[in-house]
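Hi everyone, thanks for having me. Let's take a look at this one together.

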Amino acid sequence: MRKQARGGSRRSLPAMFCRIFGTLMLIILVLFCLPLTVPRMLGWHIYTVVSGSMEPSIPTGSLLYIRQAQPQDMAEGDVIAYYGGTGSGAVITHRVVENRVVMGEFIIKGDANQAADINPVRYANFIGEVAHIIPEAGKAAAFFTSPGGKKLAACLVAAAVLLHVLASL
């Protein structure tokens with residue numbers, strides 16, 4: 001009988017556990033990051049809903065995927081994203097009540113609001129059309145894009161690498 005060389009086909013149970021657990025940690029982390037990175041690489045915008053103006057159709061905490069579109073192509077009933085005002089970084093999503101193409105503006109309304117917004121939205125503030133909504137996913141996205149979430153992701157990667165190093169010893 002021949003002795004198996006170190007690192008041969010026979011593995012110890014702890015080493016196998018470390019390797020599998022480390023790999024699972026990396027896979028889970030990648031699966032959490034894909035919905036936040038791939039759409040951006042394809043030119044989409046991603047936002048988290050922070051107010052209830054579009055409830056119940058778009059709940060607070062939802063993750064929104066916004067695709068680029070031509071403002072003149074938006075029709076009554078479409079949900080659009082736009083900047084709240086000139087120089088404002090606030091992004092708002094409301095439903096189009098009327099598209100005034102000649103004037104280059106929208107009349108919009110939040111589903112939870114009784115009446116249309118007082119001020120029209122200029123085409124210059126238009127970001128795009130809401131294409132996909134994932135309820136509650138915005139809370140996780142907000143965490144993973146925060147400084148604490150990024151530190152946690154880095155720690156998970158380091159722990160997974162450490163587990164793989166331990167498994168190879």
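Before anything else, helices (H or I, at least four residues) and strands (E, at least two) are DSSP runs, numbered from the N terminus. With that, the protein chain reads α-β-β-β-β-β-β-β-α-α from the N terminus on, which comes to 3 helices and 7 strands. Keep in mind that this is a predicted model, where local features need pLDDT of at least 70, side-chain atom pairs count only at pLDDT 80 or more, and totals for chains, interfaces and linings use all residues. Residues are numbered from 1 along each chain as its sequence is written, and side-chain values use heavy atoms, with hydrogens and water left out.

Now, the overall form. The C-alpha trace of the protein chain spans about 85 × 30 × 25 Å along its principal axes. And 30% of the 169 residues count as buried, meaning under 20% relative accessible area, with exposed over 50% and partly exposed in between (1.4 Å probe, protein chains only).

On to the rings. Rings of Phe, Tyr and Trp (its six-membered ring) pair if their centres lie within 6.5 Å; planes under 30 degrees apart count as stacked, over 60 as edge-to-face and the rest as tilted. How many aromatic pairs does a search of the whole structure find? It's 5. Take F106 and Y123, a tilted pair with 5.1 Å centre to centre and 45° between the planes. F106 sits in strand 5, and Y123 in the loop between strand 6 and strand 7, 17 residues apart. Both F106 and Y123 are buried.

Then there's F143 with F144, edge-to-face at 5.4 Å and 75°. F143 counts as partly exposed because its relative accessibility is 40%.
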